[in-house]
Amino acid sequence: MSNKPPPPRPAPRLYLATPVVDDPGSLVAELPALLASADVAAVLLRLKETDQRTMISRIKALAPPVQKAGAALLVDGHPELVARGGADGAHLPGIAALKEALPSLKPDRIAGVGGLTTRHHSMDAGEIGADYVLFGEPVANGQRPSSQAIAERLDWWAELFEPPCVGFAISLEEAHDFAASGADFVLVGEFIWTDPRGPRAALIEIDAAIKKAHATATASQDPASQEHG
C-alpha cells in the first residue's frame, strides 16, 4: 500500500442562503452581480410559506439567474416542489425528512440534510445517500452548538467520510474557522444580507477569508513544508 497522503481537499466554496422570499423581484435583479462576485456553488432558497402554486412561481423566478451563474438552486424543505419549480435539489431538516424525500429527488437532484444532532445521525445520513451534511444551523429556538463544537464536527467528518460537509457560519470569524476545519462548503446567510456595506462586499470578504484559511491549513499539513520548516 502507498504511504502517500490523500490529495488535499479543494478550497471550500460558498453556499448562500437567501432571506425568506416573499416577492422575488429584488432578489432576481440582485443575484447575477452577487453570484459573479464570489465563488458561490449553491443558493439555498428560503421560501415564505404560502400556497404551492405561489411557491413554485417563486422558484421558477429564481432558478434561471442562479443556474446561469453556474450555481445550484436548492429549496429549503419542500422537496415536492423542486422538480416543478426547476430547482436543482432540496435541503432537508433531518434524517426522517431525508428518507421521505430521497425517492422523489434521486438520482437527478441534490438531497442535502441538516438537523443532525449526533454523529450517529450524520453517519446514517451519509449511508442512505445525502449529497452533503450541514453542521451548525440553529434549532427552532435559535440555539446552536458553539463554534468550536461545529469546527470539531466538520474536522471529524472531513477526515473520515466522502460526502461533502457544510459549516453554517454566522460571522466572518466562523466562516474562516470552518474553512480551516475541513468544510467543503461554508453556508452564509443573514449576516451577509444585513451587512451595512451591502451583501456583495460581505460576500467578497467571506470568499477571500475561507480561501485564505484553507490555504493556511493545507500548508500546515504539508509534510514537505514541515520538513523544511
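This is a predicted model: local features need pLDDT of at least 70, side-chain atom pairs count only at pLDDT 80 or more; totals for chains, interfaces and linings use all residues.

Reader: Got it. How many helices and strands does the protein chain have?

Author: The count is 10 helices and eight strands.

Reader: And what about its overall dimensions? What does the C-alpha trace span along its principal axes?

Author: About 60 × 40 × 35 Å.

Reader: Nice. What share of the residues count as buried?

Author: Of the 229 residues, 45% are in the buried class. The accessible surface comes to about 11,600 Å², and carbon and sulfur atoms hold 55% of that.

Reader: Which contacts join residues at least 24 apart, and what is their share?

Author: Taking contacts between residues at least 6 apart in sequence, 58% of them join residues at least 24 apart.

Reader: Switching to charges: how many positive and negative side chains are there?

Author: There are 20 positive and 29 negative ones, and the centres of the two sets lie 5 Å apart.

Reader: Okay, now rings. How many aromatic pairs are there?

Author: The count comes to five aromatic pairs. One of them is Y15 with Y132, an edge-to-face pair at 5.6 Å centre to centre, with 80° between the planes.

Reader: Where do Y15 and Y132 lie?

Author: Y15 is in strand β1 (residues 13-21) and Y132 in strand β6 (residues 132-135), so this pair ties together parts that are 117 residues apart in sequence.

Reader: Are those two buried or exposed?

Author: Buried means under 20% relative accessible area. Y15 has 3%, so Y15 counts as buried. Y132 is buried too, at 7%.

Reader: What kind of pair do W156 and F161 form?

Author: Theirs is edge-to-face as well, at 5.2 Å centre to centre and 70° between the planes. W156 has a relative accessible area of 13%, so W156 is buried. Ring pairs also link F135, W156, W157 and F161 into a cluster.

Reader: I clicked on R58. Where is its place, and what does R58 touch?

Author: R58 sits in helix α2 (residues 52-68). Leaving out residues up to four places away in sequence, R58 touches V21, D22, P24, L47, K48 and T50.

Reader: Does R58 count as buried or exposed?

Author: Buried, because its relative accessibility is 10% and the cut-off for buried is under 20%.

Reader: What about H78, where does that one lie?

Author: H78 lies in the loop between β3 (72-76) and α3 (82-85). With a relative accessible area of 15%, H78 is buried. Beyond residues up to four places away in sequence, H78 touches E49 and M55.

Reader: Last stop: which helix holds I204?

Author: Helix α9 (residues 199-221). I204 has 34% relative accessibility, so I204 counts as partly exposed, since that class runs between the 20% and 50% cut-offs.

Reader: How far apart are I204 and D39?

Author: In sequence, I204 and D39 are 165 residues apart, while in space they are 8.6 Å apart, C-alpha to C-alpha.

Reader: Thanks, that helps me find my way around!

Key:
Residues are numbered from 1 along each chain as its sequence is written. Side-chain values use heavy atoms; hydrogens and water are left out. Helices (H or I, at least four residues) and strands (E, at least two) are DSSP runs, numbered from the N terminus. Buried means under 20% relative accessible area, exposed over 50%, partly exposed in between (1.4 Å probe, protein chains only). Contact means heavy atoms within 4.5 Å. Accessible areas come from the Shrake-Rupley method with a 1.4 Å probe; for residues, only the protein chains shown count as cover. Lys and Arg count as positive and Asp and Glu as negative; His and the chain ends are not counted. The place of a charge is taken as NZ of Lys, CZ of Arg, CG of Asp or CD of Glu. Rings of Phe, Tyr and Trp (its six-membered ring) pair if their centres lie within 6.5 Å; planes under 30 degrees apart count as stacked, over 60 as edge-to-face and the rest as tilted.
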